[in-house]
Amino acid sequence: MIGFIKSGKLAPSTKLPGSRKLSEDLQIHRKTVVAAYDELMSQDWIESIPAKGTFVSKNLPIIKAKEFQHLPDSNTHSTVGFDFKKRDHLFIKGIEALHAPLKVDEGVPDHRLAPIEDIAKNYRNIANKIHHKELLGYGDTYGNLNLRKALVSYLNQSRGLKTTVDNILITRGSQMGIYLASQLLLNNQNTIITGNTNYMTADNTFMEANGIIKRVSVDDNGINTSEIASICQQQKVSAVYVTSHHHHPTTVTLSAERRMHLLDLAQQYHFAIIEDDYDYDFHYSNAPILPLASNDTQGNVIYIGGFTKIIAPALRIGYFIAPKEVVDEAARLRRILDRQGDTLLEQTLSRMIMNGDVQRHSNKVRKIYKERRDLFCNLISEKLDNYFDFKVPNGGMAVWVRLKQPYNWDIVMAEALKLNVAFNPEWRRYDNDNSGHNGIRIGFAALDKDEIRTVINTLEKVMERI
Ligand SMILES: Cc1ncc(COP(=O)(O)O)c(C=O)c1O
């Protein structure tokens, strides 16, 4: 009926049939008609006039959003009437979004594969249950208890952690975990060690927390722990940030020897290891190496991860795992920034972990991404070997590709854009120190096989042209 009213088939003030007549015409129970009329009346679509009957409302609820008659002059908001702090370290120069039919990212999941039906089904089911209404109120800053319980078994089984519900804070994605850890550890111009090069957003987060970043080199075995030892001998270090499973950006795995060395150093010099395990689920060649957190006997590791890479970036659920005292402090800090997470979504995810949906989906996409990695790498070897240096990554969603001399990514990307393929213009951020390594991460996971072929064919044309 709302549809008929909106489309004008039922004009304002039209008299509607009585409930008995309508129930006979539609062959439905009279109570159903009465309930529908009540609902329509509560939404002001229809009105009841005593002794006359039921009518389409004379004054219908607003159907179309009112158009603004006077759009403000676009300059109005460029004037700021107060002072505020601008952060140079958050400003990335020369970055503007590029528009092209095919966009190549730096390694993000393919959101087209997200199990949205499963999520919607579980979410609806939970939202409909009367005993879940309490989830709509203010809840636990630490995150939904069922999700924390589900995570304990999920992470302990799949990653060899020995965590408990008290050691977990649910966050909005890994990034919130990195932010909280930085605020707890770095506030007083404390030193944090990262790889050269490193995940740029993490660097920005450390700077925002007033940390001083010291960089050590990264080779085929990951971040160089001997260099970390040398720095520790000279000064106090508060934290080391590692993406141990696949170093961001170069995708290498931190070797077993260096893992043990790093844990030893953390114990000896009392620093925290911020282990950002952003893509643990994506390993293609062998079983994944267990996180540092699984060997942390002295409480040195803050383990950060999430579901944004397995499920979809827009579903912001991550976790921050640490000794209880640290988790408690992080929760207090989180509370003043974001009172709590999306409890219904958290409950949904807990159900999807417990019934195996998450694990099934993760296995499915791992297989698809492996095929994409293989196709992508085979095509680069076949067609672009003269121009590119790269190693097949044993996991993750991107390949670290360096251009051989004398080629230059700026020119390659400008030419590719003319052929309708846009690379992420933020690539420069991987060379913060202007070392000239000329490498970029090219994401393969979010491209289907045809898109991969188009990207490689385009690059081939571009390189030949250049
Ligand atoms: C290394 C690394 N850490 C953390 C994140 C942030 O992930 P989330 O979306 O879970 O906040 C990303 C996102 O790309 C990443 O690449």
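**Close-up views of the predicted model**

Figure 1. N420 lies in the loop between helix α13 (409-418) and strand β15 (421-423); helices (H or I, at least four residues) and strands (E, at least two) are DSSP runs, numbered from the N terminus. The model is predicted, so local features need pLDDT of at least 70 and side-chain atom pairs count only at pLDDT 80 or more, whereas totals for chains, interfaces and linings use all residues. Residues are numbered from 1 along each chain as its sequence is written, and side-chain values use heavy atoms, with hydrogens and water left out. Although N420 is a residue other than glycine, its phi is positive, near 70°. Most residues other than glycine have a negative phi, and most peptide bonds are trans. With a relative accessibility of 42%, N420 counts as partly exposed; buried means under 20% relative accessible area, exposed over 50%, and partly exposed in between (1.4 Å probe, protein chains only).

**Figure 2. S13, another residue with positive phi.** S13 is placed in the loop between α1 (2-7) and β1 (15-16). The phi of S13 is about 75°, a positive value, and S13 is not a glycine. S13 counts as partly exposed, at 37% relative accessibility.

**Figure 3. Two cis peptide bonds.** N196 and T197 are joined by a cis peptide bond with omega of about 15°. T197 belongs to the loop between β6 (191-196) and α7. A further cis peptide bond runs from H248 to P249, with omega near 15°. P249 sits in the loop between β9 and α9.

**Figure 4. D203 and R215.** D203 has its place in helix α7 (residues 200-208). D203 is buried, at 1% relative accessibility. The side chains of D203 and R215 make a polar contact at 3.1 Å. A polar contact is a pair of N or O atoms within 3.5 Å; within protein, one must be able to donate a hydrogen and the other to accept it, and residues adjacent in sequence count only if both atoms are side-chain atoms.

**Figure 5. The eight-stranded sheet.** An open sheet is formed by eight strands in the order β5-β12-β11-β10-β9-β6-β7-β8, with mixed pairing. Its edge strands, β5 (168-171) and β8 (222-223), each pair on one side only. Two strands pair if DSSP finds at least two bridges between them. Strands β10 (residues 272-276) and β11 (residues 301-306) run parallel and are joined by four bridges. E275 has Y303 of β11 as its bridge partner.

**Figure 6. Helices on the sheet.** Helix α10 (residues 324-337) packs on the sheet and touches β5, β11 and β12 (318-321), its direction making about 30° with that of β5. Helix α9 (residues 256-269) lies across β7 (212-219), β8, β9 (239-242), β10 and β11, and runs at about 140° to β10. Axes are lines fitted to C-alpha atoms, for helices over the stretch in contact, and angles run from 0 to 180 degrees between N-to-C directions.

**Figure 7. The ligand site.** The ligand is surrounded by 13 residues, of which the closest are S174, D276, T308, K309 and R316; a residue is near if one of its heavy atoms lies within 4 Å of the molecule. An N or O atom in the side chain of T308 is 2.6 Å from an oxygen atom of the ligand. For K309, an N or O atom in the side chain is 3.0 Å from a ligand oxygen atom. Q175 contributes a polar backbone atom, 2.9 Å from an oxygen atom of the ligand.

**Figure 8. I442 and its surroundings.** I442 is part of strand β16 (residues 439-443). I442 is buried, with a relative accessible area of 0%. Setting aside neighbours within four places in sequence, I442 is in contact with V104, D105, F376, M397, A398, V399, V401, W409 and F423; contact means heavy atoms within 4.5 Å. I442 and F423 are 19 residues apart along the chain, and their C-alpha atoms are separated by 8.2 Å.

**Figure 9. Two buried cysteines.** C232 is buried, with a relative accessible area of 6%. C377 is also buried, at 3% relative accessibility. A disulfide is a pair of cysteine sulfur atoms within 2.5 Å, and by this rule the count comes to zero.

**Figure 10. The whole protein, for orientation.** The secondary structure comprises 14 helices and 16 strands. Of the 466 residues, 48% count as buried. The C-alpha atoms fill a box of roughly 90 × 60 × 55 Å along the principal axes. Among contacts with a separation of 6 or more, 71% come from residues 24 or more positions apart.
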